[in-house]
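Please walk through this protein chain, starting with the terms needed to read it and ending with single residues.

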Amino acid sequence: MNSASKDERKKKYIPNPDYTKIPKNGKYICACCKNYVFDRLYSYDFCPICGWQDGDVQNKYMNMRDCNHMTLAEAQEAYRQGKPVR
Ligand SMILES: [Zn+2]
């Protein structure tokens with residue numbers, strides 16, 4: 001019973017398969033558009049390309065809500081369709 005509910009909790013959050021903390025040319029990746037734009041890790045700055053706000057929890061999981069109105073999955077879909085990321 002206990003282990004079943006543990007599995008349920010694990011299922012709740014879908015990890016971002018492209019998540020990385022490794023910078024390129026001194027910049028960190030935008031979890032939404034995957035361009036390297038941020039000066040710091042989890043800067044809480046807005047991506048100049050797609051508008052995603054760079055935050056720890058939302059960068060790691062596809063379906064979390066935190067500083068952005070959208071989840072990462074929703075934001076990536078919006079970006080793909082050329083719609084604004086909020
Ligand atoms: Zn971006």
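Two residues are said to touch, or to be in contact, if their C-beta atoms, placed from the backbone, lie within 7 Å. With that cut-off, L41 touches K21 and Y28, leaving aside residues up to four places away in sequence. The model is a predicted one, in which local features need pLDDT of at least 70 and side-chain atom pairs count only at pLDDT 80 or more, while totals for chains, interfaces and linings use all residues. Residues are numbered from 1 along each chain as its sequence is written.

The overall layout comes next. Helices (DSSP runs of H or I, at least four residues) and strands (DSSP runs of E, at least two) are numbered from the N terminus. The chain has 3 helices and 2 strands, and along the sequence they follow the pattern α-β-β-α-α. Of the contacts between residues at least 6 apart in sequence, 27% join residues at least 24 apart.

Burial is judged by counting neighbours. A residue is buried if 20 or more other C-beta atoms lie within 10 Å of its own, exposed if 12 or fewer, and partly exposed in between, with C-beta atoms placed from the backbone. By this count, 23% of the 86 residues in the chain are buried.

In soluble globular proteins, nonpolar side chains tend to be buried together. A nonpolar core is here a set of buried Ala, Val, Leu, Ile, Met, Phe, Trp, Tyr and Cys residues joined through C-beta atoms within 7 Å. The largest such core in this chain has 14 residues, and those with the most contacts inside it are C30, A31, C32, C50, W52, A75 and V85. Two or more residues come from each of β1 (28–29) and α3 (72–80). Helix α3 gives the most to this core, with 3 residues.

Which residues of α3 are buried? They are L72, A75, Q76 and Y79. These residues sit on the same side of α3 because they cover an arc of only 100 degrees around the axis, the arc being that of the directions from the helix axis to the C-beta atoms. The buried residues of α3 pack against α2 (56–60).

After α3 comes G82, whose phi is positive, near 75 degrees. R86 is also in the segment after α3. R86 counts as exposed, with 12 C-beta neighbours inside 10 Å. Leaving out residues up to four places away in sequence, R86 touches N68, H69 and M70. The C-alpha atoms of R86 and E74 are 9.5 Å apart, and the two residues are 12 apart in sequence.

The loop between β2 (36–38) and α2 holds Y42, as well as L41 and G55. L41 is partly exposed, with 13 other C-beta atoms within 10 Å. The C-alpha atoms of L41 and Y28, one of the residues that L41 touches, are 6.2 Å apart across 13 residues of sequence. D56 lies in helix α2 and is exposed, with 12 C-beta neighbours inside 10 Å. D56 and L41 are 15 residues apart along the chain, and their C-alpha atoms are separated by 8.1 Å.

G55 has 18 C-beta neighbours inside 10 Å and counts as partly exposed. Apart from residues up to four places away in sequence, G55 touches Y42, Y44, D66 and C67.

The backbone angles are the last topic. Most residues other than glycine have a negative phi, and most peptide bonds are trans. Where is N25, which has a positive phi although it is not a glycine? N25 lies in the loop between α1 (2–12) and β1, and its phi is about 50 degrees. N25 is exposed, with 5 other C-beta atoms within 10 Å. Y42 also has a positive phi, near 50 degrees, in a residue other than glycine. Y42 is partly exposed, with 16 other C-beta atoms within 10 Å.
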